[in-house]
Amino acid sequence: KYKQYIISLKTSNNTAKNIKKVLNKIIKSNKKLKILDYGCYQGAFLYSCKKIFNFKTIGTDYNKEGLNLAKSVFLVDQVFETKKNFFKKKINADIISLLHVLEHLSDPVDFLIKIKKNILKKNGLLYLELPNPFTNPLNDPTHLNLYSVETIKYILKSCNYKVLSIEQRSLYKRGVLLRNSK
């Protein structure tokens, strides 16, 4: 069966520790996993993943200077500039992280479907962080979409994911755990 998981946890400064907590519940294998951070900028999150989990790290971003730092300073294994042909790559990532990315996309449904189809391997994980729209309302003009719990559930279900759990922490934190429903 083709299953994929989406994990979405809004965290403060402990993203790597929180993803570790979630991964420990789900992943039963000790094999070296491959993580792709879409919108990695300088690769600091990937560096943490490499040091904490010994992941193979891949970063993509529109910012060439940030990618140069990701490779040279934060030791990201592979970096490439995000271009329109991104979805044609066969990366087969075990995990894709979207840290404050989804709210900037003009067509998040199309993006999530393409990630699932072409980038994320079967039974892979998608880790999201989203701002809470009720504590962060419209203060960033680059946010094209804001997601309530109901909205993100609806969008992800429309992409054939099943909600496993949703977490909200503190005033500014929200989390969602989802599974492919087909």
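Leucine 36 has isoleucine 58 of strand E3 as its bridge partner. In this predicted model, local features require pLDDT of at least 70 and side-chain atom pairs count only at pLDDT 80 or more, whereas totals for chains, interfaces and linings use all residues. Residues are numbered from 1 along each chain as its sequence is written, and side-chain values use heavy atoms, with hydrogens and water left out.

Strands E2 (residues 34-38) and E3 run parallel and are joined by five bridges; strands (E, at least two residues) and helices (H or I, at least four) are DSSP runs numbered from the N terminus, and two strands pair if DSSP finds at least two bridges between them. Of the six residues of E3 (residues 56-61), five are buried, that is, under 20% relative accessible area with a 1.4 Å probe and protein chains only. E3 is also joined to strand E4 (residues 78-81), in parallel, by four bridges, and glutamine 78 in E4 is the bridge partner of isoleucine 58. The chain passes from E3 to E4 through helix H3 (residues 64-72) in a right-handed β-α-β crossover, clockwise from the first strand over the helix to the second when the strands point away from the viewer.

Leaving aside neighbours within four places in sequence, phenylalanine 86 is in contact (heavy atoms within 4.5 Å) with residues including Leu36, Thr60, Phe80 and Ile115.

Key: Buried means under 20% relative accessible area, exposed over 50%, partly exposed in between (1.4 Å probe, protein chains only).
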